[in-house]
Every structure is written in C-alpha cells, then in structure tokens.
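Dear colleague,

I am handing over the structure that we spoke about, and below it you will find notes on what was found in it. Please read them with the model open beside you.

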Amino acid sequence: MPRKALFVYAIPLLSLFAVIKADPTLLSVDCQNTTLDPPGTYSPNSTYQTNLNTLFSVLSSNSNNASNGFYNFTAGSSPPDITYGLFLCRGDVSAAMCRDCVVNATGHVVEQCPGSKRVTVWYDECLLRYSNVAIFADADTRLFPVMGGDSLGLDGLDPLSDPPPSSNSAKQGTS
C-alpha cells in the first residue's frame, strides 16, 4: 500500500518539473551601415520586407530538415528587393538545438537591426546572415567584434597589418 501511495504522489510532483529550454546565446550582431550602395535600409511594408519575411519563414521551416546544419535561400526575383539568406549551425549541436537557434534568430533579428538590409547575427549555436546583394559563394572578409572583442581582433591588433608580438619586441627596451 505505501508503494502505491508513493507512486500516486510522485506523478504530480514530477509534473511540476517543466522542461527548461534556454534561448540560444547571442554573441554578436552586425547591422551594416545605412550609407551602403545600394542603400542598406528598407521601408516597412515594402517588397523587400515581404521577401525578408518569406526568407525567414523558409529558413525556419528548413532548419527542421537541414541534416548538415546549413541552408540557403533567395526570396524575390528582381533587385533591389531580392533577399539572400542562410543559416549555419555549429557542427556539434543537435538538430533540435539548430532548429531552436534558427527560429530564435529569425524571430528576433528584425528587433536587433530594424530596417537593415544586410545583417549577420552570431549565436553560440548558429549564424544567420541575410543581404540584398548576393552572398552565396562570396566570403565576407570584414572583421567583426565577437565575444566582447573589438573590430581589430580580440587582442587589439589588426591581424591584416600588425605583426604578432614577439619576444624580441619585449627585449628592445632593455638594451
């Protein structure tokens, strides 16, 4: 009899423990300058916004099916309203975590970069990128602040022009 009572009380107790689902960890947001050519902003209710909403819907839907953690899509058919976008999930995250990250990113990016046509958002689990210019097979070589670093790199050096510090440079002042 006591075992039956324990079981009866354990069921409601277990139902109190909700499954806690954490939001993805936002690392960095790059809302590009609005003085770009072509212009880097769009108006509310514009064709571009409609295409962007379509892009977000398709990316979110396909995050369920992307077994390799990557998907790209183009919404619209004519510039300047065409929208290119992609997501890329970290290779070690589960399909469910990838989906949650992409859905979260597409749901919040417009709040983070209102009206911006060129955006890259990094989460710990995934990356979301969209633009009004072709981005597929085109590497973005700009340097971005990620995880609290600055635009020149985490150590303050420009990796393209500053040589790495060496033990000789520390000894120069001692001669």
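A residue is called buried here if its relative accessible area is under 20%, exposed if over 50%, and partly exposed in between (1.4 Å probe, protein chains only). At 0% relative accessibility, cysteine 101 therefore counts as buried, and cysteine 126, at 4%, counts as buried too.

This is a predicted model, in which local features need pLDDT of at least 70 and side-chain atom pairs count only at pLDDT 80 or more, while totals for chains, interfaces and linings use all residues. Residues are numbered from 1 along each chain as its sequence is written, and side-chain values use heavy atoms, with hydrogens and water left out.

The two cysteines named above form a disulfide (a pair of cysteine sulfur atoms within 2.5 Å), with the sulfur atoms of cysteine 101 and cysteine 126 lying 2.0 Å apart. The link is left-handed, with -80° about the S-S bond, and it connects distant parts of the chain, from cysteine 101 in helix 3 to cysteine 126 in strand 5, 25 residues apart. Helices (H or I, at least four residues) and strands (E, at least two) are DSSP runs, numbered from the N terminus.

By this rule the count comes to 3 disulfides. Another of them joins cysteine 31 to cysteine 113, with 1.7 Å between the sulfur atoms; cysteine 31 is in strand 1 and cysteine 113 is in the loop between helix 3 and strand 4, 82 residues apart. Cysteine 113 is buried at 1% relative accessible area, whereas cysteine 31 is partly exposed at 33%. Cysteine 89 and cysteine 98 are also joined, S to S 2.0 Å, and the torsion about their S-S bond is about 75°, so that disulfide is right-handed.

As for the fold, 5 strands form an open antiparallel sheet in the order 1-4-5-3-2, where two strands pair if DSSP finds at least two bridges between them. The edge strands, each pairing on one side only, are strand 1 (26-31) and strand 2 (70-75).

A word on confidence: pLDDT, the predictor's confidence in each residue from 0 to 100, averages 76 for the protein, and 62% of the residues score at least 70. Where pLDDT is low, the predicted coordinates should not be read in detail.
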